[in-house]
Amino acid sequence: MGTHVCRKLLVQWMWRWRVCPVAASRGHMPFCTTQEPHHVNPSRTGQVTHSPVAQLTLSSLLEIGFSETQAEEMHEGATKSRGKHVPSVLTALLLLGLNPSSILKVMQKCPEVYSLKGADLKQRINHLRKMGLLEGSLQRMISHYPKIMVLPIKRVKMVSRLLKEKCLFTAQQVTDILRDSPEVLEEDLVQLEYKFQYAYFRMGVRQAEMLKAKVFRMSLSELRCRHCFLERRGLYQTPDKKGQTLIVNPPLNDVLCVSEETYLTQVAMATVEEFHVFRKLMTREQDEEGKEDEYSSDEDEELGEDKEDDDDDDDDGQHRRKHHWNTGYKKDRK
């Protein structure tokens with residue numbers, strides 16, 4: 001169902017249920033409002049009733065294009081989530097241009113969307129538009145990664161600021177990263193910066209190349225593993241300051257944007273067994289590095305504590321011996 005048809009059905013549905021178009025455009029539209037007063041048998045009630053529909057109904061979902069199966073699943077999900085603003089959320093998604101099938105898939109991937117407020121959702125969508133995500137790209141990103149709708153705007157700004165200030169990407173490049181790799185929004189900021197530094201300094205890859213190869217789609221461990229495997233086989237070399245190497249490095253797309261099978265057969269020229277053994281060795285090396293860093297950190301803390309003890313009591317012989325031992329240890333480390 002196209003966007004035009006969806007909007008036409010939405011207008012028809014709004015007219016049928018007498019929904020205020022202004023409220024709908026603001027994301028505060030009640031999903032089912034008061035219907036036309038209808039006359040009932042006076043002998044039973046003696047008056048004309050005014051029956052408001054206060055919750056999401058199967059009939060209202062059918063009216064805007066959901067099939068019976070989709071409407072039942074949508075209604076069940078809304079009931080389980082106990083979301084109070086499902087109607088306004090659904091309206092915002094329809095006005096965004098998503099069809100009923102896409103909306104249902106969004107809810108299946110990220111049930112947290114049921115609990116959103118329509119106003120908050122609209123605000124987050126508008127913020128993504130201000131960042132340069134245009135129609136088409138915005139819809140595809142939300143369909144692929146609906147969790148972006150439940151992330152606070154503050155988080156999106158933090159990641160964008162890091163990519164601009166720490167990684168020196170342009171505003172347009174940041175928009176492209178969010179469009180192609182929205183998962184970075186959930187990544188630890190320290191790890192995200194380290195991934196950039198690894199690609200930039202260890203692999204000699206510049207920002208434009210990172211975008212083309214979609215570096216941020218790959219985990220840091222897999223990035224290191226593929227790069228180091230080629231490097232230790234003599235198939236990859238870090239460029240010098242002038243960007244020159246003694247060998248011809250394979251295109252980054254061929255290293256990162258292909259399946260493991262293609263990577264091994266066409267780039268690394270190795271067997272699956274060799275790569276898996278290397279992966280285990282890399283994991284072991286990283287674990288050992290982590291333990292060494294932890295041990296070194298603990299030693300530094302102990303040295304700091306010992307130094308404080310020495311300052312507190314310079315006349316104590318035992319403390320003098322400690323101070324002498326610590327000084328010698330520092331010299332050895334140098």
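**View 1. Lining of the second largest pocket.** The second largest pocket is lined by 13 residues, and Val205, Glu209, Pro250, Pro251 and Leu252 are the ones that lie nearest its centre. Two elements give two or more residues to this lining: H12 and helix H14 (252-256). H12 gives the most, with three residues. The pocket has a volume of about 200 Å³. Its lining residues divide into eight nonpolar, three polar and two charged.

*Basis of the views.* This is a predicted model, in which local features need pLDDT of at least 70, side-chain atom pairs count only at pLDDT 80 or more, and totals for chains, interfaces and linings use all residues. Residues are numbered from 1 along each chain as its sequence is written, and side-chain values use heavy atoms, with hydrogens and water left out.

*Terms.* The search runs on a 1 Å grid over the protein atoms alone. A pocket is an open set of points with protein on both sides within 12 Å along at least five of seven lines. A cavity is a set of points where a 1.4 Å probe fits but cannot get out. Lining residues have an atom within 4 Å of a point. Points are joined across faces, edges and corners, and a volume is the space filled by probe spheres set on them. Helices are DSSP runs (H or I, at least four residues), numbered from the N terminus. Nonpolar means Ala, Val, Leu, Ile, Met, Phe, Trp, Tyr, Cys and Pro; charged means Asp, Glu, Lys and Arg; the others, Gly among them, are polar.

**View 2. Lining of the largest cavity.** A search of the whole structure finds two cavities of 30 Å³ or more. The largest cavity has a volume of about 50 Å³. Its lining is made by Asp176, Ile177, Asp180, Ser181, Met210, Leu211, Lys214, Val215 and Phe216. Helix H10 (171-180) and helix H12 (207-213) are the elements that give two or more residues to it. H10 gives the most, with three residues. By class, the lining holds five nonpolar, one polar and three charged residues.

**View 3. Lining of the second largest cavity.** About 40 Å³ of space lies in this cavity. Arg124, His127, Leu128, Ile148, Leu151, Pro152, Ile153 and Val156 line it. Here the elements with two or more lining residues are helix H7 (118-130) and helix H9 (153-165). H7 gives the most, with three residues. The lining divides into six nonpolar residues, one polar and one charged.
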